[in-house]
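Hi everyone, thanks for having me. I'd like to walk you through one protein chain today, so please take a look at the picture before we start.

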Amino acid sequence: MDYKKAGVDIEAGYKSVELMKEHIKTTNRPEVLGGIGGFAGAFDLKAIKDMEEPILLSGTDGCGTKVKLAFLMDKHDTIGIDAVAMCVNDIACSGGEPLFFLDYIACGKNYPEKIAEIVSGVAKGCVLSGAALVGGETAEHPGLMPEDEYDLAGFAVGVVDKKDMITGADIKPGDTLIGIASSGVHSNGFSLVRKVFEMTKESLDKYYDELGTTLGEALIAPTVIYVKALKSIKDAGVKVKGCSHITGGGFYENIPRMLPDGVCAEVKKDSYDVPPIFDLLAKTGNIDEHMMYNTFNMGLGMIVAVDPADVDKTMAAIKEAGEKCFVVGSVKAGEKGVTLC
């Protein structure tokens, strides 16, 4: 008996690392010390010495059951973008710059080409966010997971000068809410999505005129990374008072998280066009409106609160970063929460 006969192929692990190295190189930053293969990723912090009060920020997350879609479609090159996005968007929400990222892939069997394909997406997400991919782990779990399945999670570290932190403390009645468009469902709500639509290759390959693509392609579209958009706003000299990453829990859970006591958010549903995938979800699954806004991002992946005088500069900065945005509401006096009208 040996380890390979027990289900763990060490040689496949070595091959996976070799195949992913070319992708990892694309994420390098000057602060990265050493290369892949050490016991820990090393990152030089000299650059943050110029900050008055550097604060480290961290985020960890996964892609949820969206990975099931990747299995069914046998498409593994974008799910890594989702893993990075879910972590770095939370760091950006606090005003921070992501510095580095690590991934964790648990699989039933290590297929080196598939693992390298997953990591290629992780690397793309790191490039989009400016973070370095400094390490990770691929764990083979024979007997615990089916051989053709895997789970993917990640962890990111970022930094912000304390004076630049976005806390929501300065939000006041009259402030304007600007929504930044999502690419679709992103990485939340897929347990419901998989109940609404039949999860077969035939179903996912079906073309919908209203989507302009197949169902599978619409659903697997990777989560938008908002790091550059928020940096563009900051570089334009705008103070973002509050920021909400619309993830699991949709509008009702996430928007109040950026609000101080004594104010509420009012969002106008007709202020932007809801992407057709959400209309299809609601109709096919007979899902009521409240549940839709309480589960999905409904086309807005990030919402920021700014002073009304800064609206034009904010929207110009977001567009310059390549993202679509809309004035979607305002802040009112009242009990902390959100009202859709």
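When I say buried, I mean under 20% relative accessible area, while exposed is over 50% and partly exposed is in between, using a 1.4 Å probe and protein chains only.

Before going on, a word about where this comes from. This is a predicted model, so local features need pLDDT of at least 70, side-chain atom pairs count only at pLDDT 80 or more, and totals for chains, interfaces and linings use all residues. Residues are numbered from 1 along each chain as its sequence is written, and side-chain values use heavy atoms, with hydrogens and water left out.

Let's step back to the whole chain. Its secondary structure comes to 12 helices and 14 strands. Those are DSSP runs numbered from the N terminus: helices are H or I with at least four residues, and strands are E with at least two. The C-alpha trace spans about 70 × 55 × 30 Å along its principal axes. For 341 residues, a compact globule would have a radius of gyration near 20 Å, and the protein chain has 21 Å, which agrees. That radius is taken over C-alpha atoms, and the globule rule is 2.2 Å times the number of residues to the power 0.38.

Of the 341 residues in the chain, 52% are buried. Now take the contacts, meaning heavy atoms within 4.5 Å. Among contacts with a separation of 6 or more, 86% are between residues 24 or more positions apart.

Which side chain does Asp82 join through a polar contact of 2.6 Å? The partner is Thr223. A polar contact is a pair of N or O atoms within 3.5 Å; within protein, one must be able to donate a hydrogen and the other to accept it, and residues adjacent in sequence count only if both atoms are side-chain atoms. Leaving aside neighbours within four places in sequence, Asp82 is also in contact with residues including Cys63, Lys66 and His186.

Helix α3 also holds Asp90. Asp90 is partly exposed, at 34% relative accessibility. The side chain of Asp90 makes a polar contact of 2.8 Å with the side chain of His245.

Thr247 is buried, at 12% relative accessible area. Not counting residues up to four places away in sequence, Thr247 touches Met86, Asn188, Asn254 and Thr295.

Next, helix α10, residues 276–285, where Ile277, Phe278, Leu280 and Leu281 are buried. Seen down the axis of α10, the buried residues fall within an arc of 160°, so they line one face of the helix. That arc is the one made by the directions from the helix axis to the C-beta atoms. What covers the buried residues of α10 includes α5 (190–196), β8 (207–208), α7 (215–220) and α11 (289–295). Just after α10, Asn286 takes a positive phi of about 50°.

Last topic: cysteines. How many disulfides are there? The count comes to 0, where a disulfide is a pair of cysteine sulfur atoms within 2.5 Å. The sulfur of Cys63 is too far for a bond, because the closest cysteine sulfur, in Cys87, is 8.6 Å away. Likewise, the sulfur of Cys264 is 10 Å from the closest one, in Cys341, so that is too far as well. Cys63 is buried at 1% relative accessible area, and Cys264 is buried at 14%.
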